[in-house]
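Here is a friendly tour of one protein chain, written for someone who likes to think in side chains. Please keep the model open as you read.

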Amino acid sequence: MAFIDRIRAFTGGSTASPAPRSETEKELIATLQADLAAGDAPLRLYARFSGTVQGVGFRWTNQGCAHESSLTGWVKTLPDGTVEMELQGRPSSIIKHLDAVHALYSRGAYSIMLDEVQRREIIPDEDDFSVRF
């Protein structure tokens, strides 16, 4: 996570409050909390993000956060400049992942917005999170 360390150094390690979350993300977190209460069974999500997701290491940061949260899946930049991702793991880990990404980018006053989310079928033997090109 050297890139994030550079962001922290650049911003003086500020403890700015987290960036506002989109309504889509607020709804997702509420749904994941309900899933967590029902047993925290693994699931897979497709997500599309916009905002400051170009030139700031967004894909690599998500890969690092996914590894730290024991999630699998992938992340990819789309031609329109948005970023799509699939995350697979326990709802508690997905919430942890989203919180970590927001916390890291809030320190640099970057705005990250979750615009779309869909449930997908679990990929049983997936064992890593990768950056796709």
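Which side chain meets R119 in a salt bridge? The partner is D35, with 2.3 Å from N to O.

## Salt bridges

Please keep in mind that this is a predicted model. In general, side chains of opposite charge can pair when their charged atoms come close.

The count of salt bridges comes to nine. One of them joins R44 and E86, at 2.6 Å from N to O. This pair, too, links distant parts of the chain: R44 belongs to strand β1 and E86 to strand β3, 42 residues apart. Both residues are buried. Through salt bridges with shared partners, R44, E86, R120 and E126 are joined into one network. Another bridge connects R21 and E25, whose closest N and O atoms are 2.7 Å apart. E25 is buried, with a relative accessible area of 0%.

## The nonpolar core

Now to the nonpolar side. The largest nonpolar core has 27 residues, and L32, F49, F58 and I94 touch the most other members. At least two residues of this core come from each of α2, β1, α3, β3 (83-89), α4 (91-106), β4 (112-120) and β5 (129-132). Helix α4 gives the largest share, six residues. As a rule, nonpolar side chains in soluble globular proteins tend to be buried together.

Beyond its neighbours within four places in sequence, F58 is in contact with F49, V53, V83, V101, Y105 and I112.

## Aromatic pairs

How many aromatic pairs does a search of the whole structure find? There are four. In one of them, the rings of F58 and Y105 have centres 5.9 Å apart and planes at 50°, so this pair is tilted. F58 lies in helix α3 and Y105 in helix α4, so the pair ties together parts 47 residues apart in sequence. F58 and Y105 are both buried.

Another pair is made by W60 and F133, with ring centres 6.1 Å apart and planes at 45°, so it is tilted as well. W60 is in helix α3 and F133 is in the segment after β5, so this pair ties together parts 73 residues apart in sequence. W60 is partly exposed, with a relative accessible area of 44%, while F133 counts as exposed at 74%. As for clusters, F49, F58, Y105 and Y110 form one aromatic cluster.

## Positive phi in two loops

Most residues other than glycine have a negative phi. D40 is not a glycine, yet its phi is positive, at about 60°. D40 is placed in the loop between α2 (23-37) and β1 (43-51). Is D40 buried or exposed? D40 counts as buried, because its relative accessibility is 14% and the cut-off for buried is under 20%.

S70 likewise has a positive phi, near 60°. S70 follows α3, in the loop between α3 (58-68) and β2 (72-77). S70 is exposed, because its relative accessible area is 62% and exposed means over 50%.

Key
Residues are numbered from 1 along each chain as its sequence is written. This is a predicted model: local features need pLDDT of at least 70, side-chain atom pairs count only at pLDDT 80 or more; totals for chains, interfaces and linings use all residues. Side-chain values use heavy atoms; hydrogens and water are left out. Helices (H or I, at least four residues) and strands (E, at least two) are DSSP runs, numbered from the N terminus. Buried means under 20% relative accessible area, exposed over 50%, partly exposed in between (1.4 Å probe, protein chains only). A nonpolar core is a set of buried Ala, Val, Leu, Ile, Met, Phe, Trp, Tyr and Cys residues joined through side-chain atoms within 4.5 Å. Contact means heavy atoms within 4.5 Å. Rings of Phe, Tyr and Trp (its six-membered ring) pair if their centres lie within 6.5 Å; planes under 30 degrees apart count as stacked, over 60 as edge-to-face and the rest as tilted. A salt bridge is a side-chain nitrogen of Lys or Arg within 4 Å of a carboxyl oxygen of Asp or Glu.
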